Amino acid sequence: MAHLRLLLSHSRCHPHPHRLLPLFRFCSSNSSNSPPPPIKPVSYAPKPQAPAAEAPSSEAPSASTDSQDPLPRRFQQQPQNPPRQFTRQEMRFANDSGPAIAPVSYPIRVAPLPEDRPVDEGAGEGANEEDLHGEGERIEKEAKWGRRPVFGLQVEEETVPYPTLIPVVKRPQKVAIDLVDALREIKASANEKKRNFTETVEAHVMLGVDPRRGDQMVRGAITLPHGTGKTVRVAVFAEGPAAEEAKAAGADVVGGDELIEEIRKGGGKLSFDKCIATPMYMPRLSKVARILGPRGLMPNPKLGSVTNDVSGAVKAAKSGRVDFKIDKTAIVHVGLGKVNFSEESLRENIGAFVNALLLAKPVGLKKTSKYVGYVKKFTLSSTMGPGFSVTIPSLSAAADNYTKVQVN
């Protein structure tokens, strides 16, 4: 077994196999005849140690070191390290690891006030006067330096006004006036500024409805007693006897499928202002609905422009029929005549429009009165003139007068 260990140890030290042949022969020859050679113990020199603090004699330690072997390192007494001194930052995370640190208190520092400063008697006023005098001299020097001549020319000093607050001027709110006074003001403003055309008297009514709701839609039509003062061109979609009636009533354009095709290929050019159609032509008008719809010319049964009584519809359109409808802001815009109309004619037209507006009042509006909550503001103006707010009682009187005339 000892020979095998020796062979393995030599094989680790000598990786070349040809060097191990003599040793293998030696081990094989000796293993059968003679016992293995004895193994000599290996001794190492002792590790030097630090000299002892107190030595009674120089010979005693040498004898003891020669006679006794040193103890292993793990059995030797290790020198005791001094306790670690923790910093203030580490003491935040260590509990019961050292003596408690007493809180440090620093003296409160307060800025000295002017009255706390030691000043000699009589020296304070003199120092202040000297500082003011020096500041005044510095300002005068800067002013002279700014007014120095440049290339022999005297530079004028700019005078900047002191900044002041400009008061906000609010426009006085217009007070509602009577209907007759408003018509006189409109006529006066139109006569002052002469136009190349005759201006139209327009009404702008702000209603208290929600146009997003379908049950609060305000829409209607009215035939003004004295007309609008405009020449209206009427087109009628009919054929056969209805077309003959339309021509006899004074329609400007009468046609059927050929008129629809002309509008579709005309590139948006139209030669009429009103459209009237018989019920049989409504499905065919879908081809030109995108052209007539945005311009408000599409016939509508609710407005009376889709009817079999073609002659009556043409006469009503020629005599001054006006269609009105609220926009997205719940305001109705409509023209009610010309400026050259008489005051009485304009008053009757306005009364007829107010009466039609009351008839078109939504049923779901939660107000019992005729005007309160429905008509918020009624304004009259000319085409290019200022607007005048009209009182509700004067409008009510005009509407009642129109109703009495119609009844009689």
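This is a predicted model: local features need pLDDT of at least 70, side-chain atom pairs count only at pLDDT 80 or more; totals for chains, interfaces and linings use all residues.

Colleague: Let's start with rings. How many aromatic pairs does a search of the whole structure find?

Modeller: The search finds two aromatic pairs. In one of them, the ring centres of Phe324 and Phe353 are 5.5 Å apart and the planes stand at 85 degrees.

Colleague: What makes the pair of Phe324 and Phe353 edge-to-face?

Modeller: Centres have to lie within 6.5 Å for a pair, and planes over 60 degrees apart count as edge-to-face. With 5.5 Å between centres and 85 degrees between planes, Phe324 and Phe353 meet both conditions, so the pair is edge-to-face.

Colleague: And what does the pair of Phe324 and Phe353 tie together?

Modeller: Phe324 is in strand β6 (residues 321-325) and Phe353 in helix α11 (residues 343-359), so the pair joins parts 29 residues apart in sequence.

Colleague: Why are Phe324 and Phe353 called buried?

Modeller: Buried means under 20% relative accessible area. Phe324 has 2% relative accessibility, so it counts as buried, and Phe353, at 0%, is buried too.

Colleague: Which aromatic pair is tilted, then?

Modeller: That is Phe353 with Phe378, at 6.4 Å centre to centre and 50 degrees between the planes. Stacked needs planes under 30 degrees apart and edge-to-face over 60, so 50 degrees leaves the pair as tilted. Phe353 belongs to helix α11 and Phe378 to strand β8 (residues 375-381), so parts 25 residues apart in sequence are tied together. Phe378 has a relative accessible area of 2%, so it counts as buried. Phe324, Phe353 and Phe378 together form one aromatic cluster.

Colleague: Nice. Now to charges: how many salt bridges does the count come to?

Modeller: The count comes to eleven salt bridges. Among them is the one between the side chains of Arg184 and Glu343, at 3.6 Å from N to O.

Colleague: How do you know that Arg184 and Glu343 meet in a salt bridge?

Modeller: The nitrogen has to be within 4 Å of a carboxyl oxygen. Arg184 and Glu343 have an N to O distance of 3.6 Å, so the contact qualifies. Arg184 sits in helix α6 and Glu343 in helix α11, so this pair ties together parts 159 residues apart in sequence.

Colleague: What makes Arg184 partly exposed?

Modeller: Partly exposed covers what falls between buried, under 20%, and exposed, over 50%. Arg184 has a relative accessible area of 48%, so it is partly exposed, and Glu343, at 29%, gets that label as well.

Colleague: Which residue meets Arg284 in a salt bridge?

Modeller: Asp257 does, at 3.1 Å from N to O. Arg284 lies in the loop between β5 (274-277) and α9 (289-292), while Asp257 is in helix α8 (residues 257-265), 27 residues apart. Arg284 is partly exposed at 29%, and Asp257 is partly exposed at 43%.

Colleague: Why are Arg264 and Glu261 separated by about one helical turn?

Modeller: Because Arg264 and Glu261 are three residues apart in helix α8. They form a salt bridge with the closest N and O atoms 2.3 Å apart. Glu261, Arg264 and Lys265 are linked in a network of salt bridges. Arg264 has 42% relative accessible area and is partly exposed; Glu261, at 28%, is partly exposed too.

Colleague: Which residues gather in a patch of negative charge on the surface?

Modeller: Asp178, Asp181, Glu185 and Glu192 do. Asp178 lies in the loop between α5 (123-146) and α6 (179-192).

Colleague: Is Ala330 buried or exposed?

Modeller: Its relative accessibility is 5%, under the 20% cut-off, so Ala330 counts as buried.

Key:
Residues are numbered from 1 along each chain as its sequence is written. Side-chain values use heavy atoms; hydrogens and water are left out. Patches are made of residues with over 30% relative accessible area and no salt bridge: like charges are joined within 9 Å, nonpolar side chains (Val, Leu, Ile, Met, Phe, Trp, Tyr) within 5 Å. Accessible areas come from the Shrake-Rupley method with a 1.4 Å probe; for residues, only the protein chains shown count as cover. Lys and Arg count as positive and Asp and Glu as negative; His and the chain ends are not counted. The place of a charge is taken as NZ of Lys, CZ of Arg, CG of Asp or CD of Glu. Helices (H or I, at least four residues) and strands (E, at least two) are DSSP runs, numbered from the N terminus. Rings of Phe, Tyr and Trp (its six-membered ring) pair if their centres lie within 6.5 Å; planes under 30 degrees apart count as stacked, over 60 as edge-to-face and the rest as tilted. Buried means under 20% relative accessible area, exposed over 50%, partly exposed in between (1.4 Å probe, protein chains only).
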